[in-house]
Amino acid sequence: MMNKRRFATHFIAATCLTLSASAFAGGDHAHDHGAGTQAAEETAIGKPGRASRVTRTIKVSMSDKMRFEPASIQVKQGETVRFVVRNAGQIKHEMNLGTEKELLEHLEVMKKFPNMEHDEPNKVTIAPGQQGEIVWQFTKAGTVNFACLVPGHYEAGMKGKVQVSKK
């Protein structure tokens, strides 16, 4: 009985954290990145981009060496980027954009629920040999972090930075 109660408490806490992270990540992902009229909520790292406003495509590769290639990316403030993310490894990886604080908080949730899948516009989970994409508008100058939060991957160094320069 106690294990069921503990699981329910952890599940509710993780759900609340995930939902709050979704709110910070841009809200409901059901909108169309290409043509929707719904305004995306801006976050500390920018906002979900619209496919029709992509100014550049950046290819990112993830490997079982626990690295992103490239691990350092340069963009301009206001730029909308399509990240085409390929998993070149033999195990599941993901790419999450966020502040360091957001990534570390979500990492703790992932440790409790390692098979969690994401449906937020700033995250993509990719099976071995597959690819996915994130379309993101960088509205603020500064640093945006990205990482793989599959348990053990971040700790092994699977992270990077997007430097957003002023217009």
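## Fold and local backbone features of a predicted chain

Among contacts in the protein chain (heavy atoms within 4.5 Å) between residues at least 6 apart in sequence, 72% join residues at least 24 apart. This is a predicted model, in which local features need pLDDT of at least 70 and side-chain atom pairs count only at pLDDT 80 or more, whereas totals for chains, interfaces and linings use all residues. Residues are numbered from 1 along each chain as its sequence is written, and side-chain values use heavy atoms, with hydrogens and water left out.

The secondary structure of the protein chain amounts to two helices and ten strands, which are DSSP runs numbered from the N terminus (helices: H or I, at least four residues; strands: E, at least two). Read along the sequence, these elements follow the pattern α-β-β-β-β-β-β-α-β-β-β-β. Of the 167 residues in the protein chain, 41% are buried, that is, under 20% relative accessible area with a 1.4 Å probe and protein chains only. The accessible surface, from the Shrake-Rupley method with a 1.4 Å probe, comes to about 9000 Å², and 55% of this surface belongs to carbon and sulfur atoms.

Five strands form an open sheet with the order 4-10-9-6-7 and mixed pairing, where two strands pair if DSSP finds at least two bridges between them. Strand 4 and strand 7 (123-126) are the edge strands, each pairing on one side only. Neighbouring strands of this sheet are turned by 20° against each other on average, direction ignored; the axes are lines fitted to C-alpha atoms, for helices over the stretch in contact, and angles run from 0 to 180 degrees between N-to-C directions. Within the sheet, strand 6 (residues 93-98) pairs with strand 9 (residues 142-147) in the antiparallel sense over three bridges, and L97 stands opposite F146 in strand 9. Helix 2 (residues 100-112) lies across strand 6, strand 7 and strand 9, and runs at about 140° to strand 6.

| Site | Backbone value |
|---|---|
| E69 and P70 | cis peptide bond, omega about 0° |
| M66 | positive phi, near 60° |

Most residues other than glycine have a negative phi, and most peptide bonds are trans. M66 belongs to the loop between strand 2 (56-63) and strand 3, and M66 is buried, with a relative accessible area of 14%.

Notes: Buried < 20%, exposed > 50% of the residue type's maximum accessible area, 1.4 Å probe, protein only.
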